[in-house]
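Please view the sequence and the structure before reading on.

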Amino acid sequence: MRSAYSVETVRTAERELMARLPEGALMQRAAAGLAAACADLLGRVYGSRVVLLVGSGDNGGDALYAGARLARRGAGVTAVLLAPERAHAGGLAALRRAGGRVVGADGTEGAGGGARGVEELVERADLVVDGIVGIGGKGGLRPDAVPLAAAAERSRGAVVAVDLPSGVDADTGEVRGAAVRADLTVTFGTHKPGLLIDPAREHAGSVRLVDIGLELPAEPELEALQHADVARLLPVPRAESDKYRRGVVGIAAGSARYPGAAVLAVAGALRGGAGAVRYVGPAGDAVIARFPETLVSDQGPKHAGRVQAWVVGPGAGDDAATVGEVLAADVPVLVDADGLRLAEAGVVRARRAPTLMTPHAGEAAALLGVDRGEVEGGRLAAVRELAGRYGATVLLKGSTTLVADSGGGVVRVNPTGTSWLATAGSGDVLSGLAGSLLAAGLSAVDAGSVGAYVHGLAGRLAADGAPVGAHDVAEAVPEAWRNVLG
């Protein structure tokens, strides 16, 4: 399990550790890890050109001490100070002793060419280290830092962020203004939520975690499942299992206008681990033609037979009666697509059995009564707000898929996926897959997060760097399943 902790939690753990260590020892641990990561990225340190973008405080100190280590190995290191009077004194002295240069952001102290000369220095670097703002920073970059961040993005060299890219919000993943775009982020002690959630995640590049000995609470702010976690949760039949013991999932989806949504939801459900799939709706002929093993009925959810979970909504159009009938069932229910629009918040909150809602950003925005951009820019806040408002588990789909429970606590972020999954019908496959996991006995949080993980992995395997259709993703689910268990 990959975990992320809030800035407040990290700060508390750092203070407690520093109280037990010699002065400056914790910063030296961080600087050593940062320097090692930079050296690995450079390959050949001797003779390389390294530019440090240094703000005030400890983040800049980490960059300066790491720069001193690189300078001692023969790199030409120049520190650009954005706040010379508040630069970390010890780090600055260490860099100078190691032979590094120091200039101001305006080109003073020997850079030549003024501010433009400094920008050119950044552009010509083999490596740029972003030590402008630490994890406590809020909002975008200050105006004096924006040209340097832009120069770093133009640079021919790699950009390494210290702890997290400057200008992004460590706790929320929001980016409110200009921010550094890194190729690698070296983070200390633990991941921060902003490193796992877009849009900030996109600015972080690859992330390398350096252990500095922090003692952190058992419950993080955010967690991401890994292969081993998913393998423990995937339902695997035993010798005594039959189709009913494995779970039966009901699919109430599709319409005359959207029969394909029903077919794709059933495709995902058949590969999701349940023993049988019951389909209810007007697309029965299309479903049975593609998947003859499906148990098809046109008598409505109440008369479909026993199920352990329902999926309702994909392609349902305006069939509010079916949505209401499914929500009245005393079994777990996954609500997607049109079902989200038709489900009344009071009805969902009143349910005794678990409910899993799976909106994309546009649907979430409509449910919250805000613009889509507000959801995409503040995904963590949006998924928590929806879960609390509906008293349900919410899986917010998108470039970063998040799963939040109505009771608060840890939010799960999905680490798998590919941009090729942004294709019509992909969400229908996910709803069927996660619904099947609900029927197999997983909790709503586990069904959502495991379903998203396997779905994202299937998308990667199916696409392999090329366009992919939703049916291809469904077909790749067994391969993804084997990949996790193998």
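Predicted model: local features only at pLDDT ≥ 70, side-chain atom pairs only at ≥ 80, totals over all residues.

Which helices do the buried residues of α19 pack against? They pack against α8 (227-233), α9, α17 (426-439) and α18 (444-463).

## Helix α19

The buried positions of α19 are Ala470, Val473, Ala474, Ala476, Val477, Ala480, Trp481 and Val484. An α-helix has 3.6 residues a turn, so residues three or four places apart point the same way.

Helix α19 covers residues 470-485, and its end C-alpha atoms are 23 Å apart. At 1.5 Å a residue, its 16 residues should span 22 Å, so the two values agree.

## The eleven-strand sheet

Eleven strands make up an open sheet with mixed pairing. Their order is β1-β9-β18-β17-β16-β15-β14-β13-β10-β11-β12. At the edges are β1 (2-4) and β12 (295-297), each of which pairs on one side only. With direction ignored, neighbouring strands of this sheet are turned by 20° against each other on average.

Within this sheet, β14 (residues 333-335) and β15 (residues 355-357) run parallel and are joined by three bridges. Leucine 334 has leucine 356 in β15 as its bridge partner. Helix α9 (residues 259-270), one of the helices against which the buried residues of α19 pack, lies across β10 (248-252) and β11 (276-280). The direction of α9 is at about 165° to β11.

## The seven-strand sheet

Another open sheet has seven strands in the order β4-β3-β2-β5-β6-β7-β8, and its pairing is parallel. Its edges are β4 (101-104) and β8 (206-210). Each has a single partner strand, so one side of each is left without a neighbour in the sheet. From one strand to the next, the twist averages 20°.

Which residue of β7 is the bridge partner of valine 162? That partner is valine 186.

Conventions:
Residues numbered from 1 in each chain as written. Heavy atoms only, no water. Pairing = 2+ DSSP bridges. Helix = DSSP H or I, 4+ residues; strand = E, 2+ residues; numbered from the N terminus. Axes fitted to C-alpha atoms, helices over the stretch in contact; angles between N-to-C directions. Contact = heavy atoms within 4.5 Å. Expected span 1.5 Å × (residues − 1). Buried < 20%, exposed > 50% of the residue type's maximum accessible area, 1.4 Å probe, protein only.
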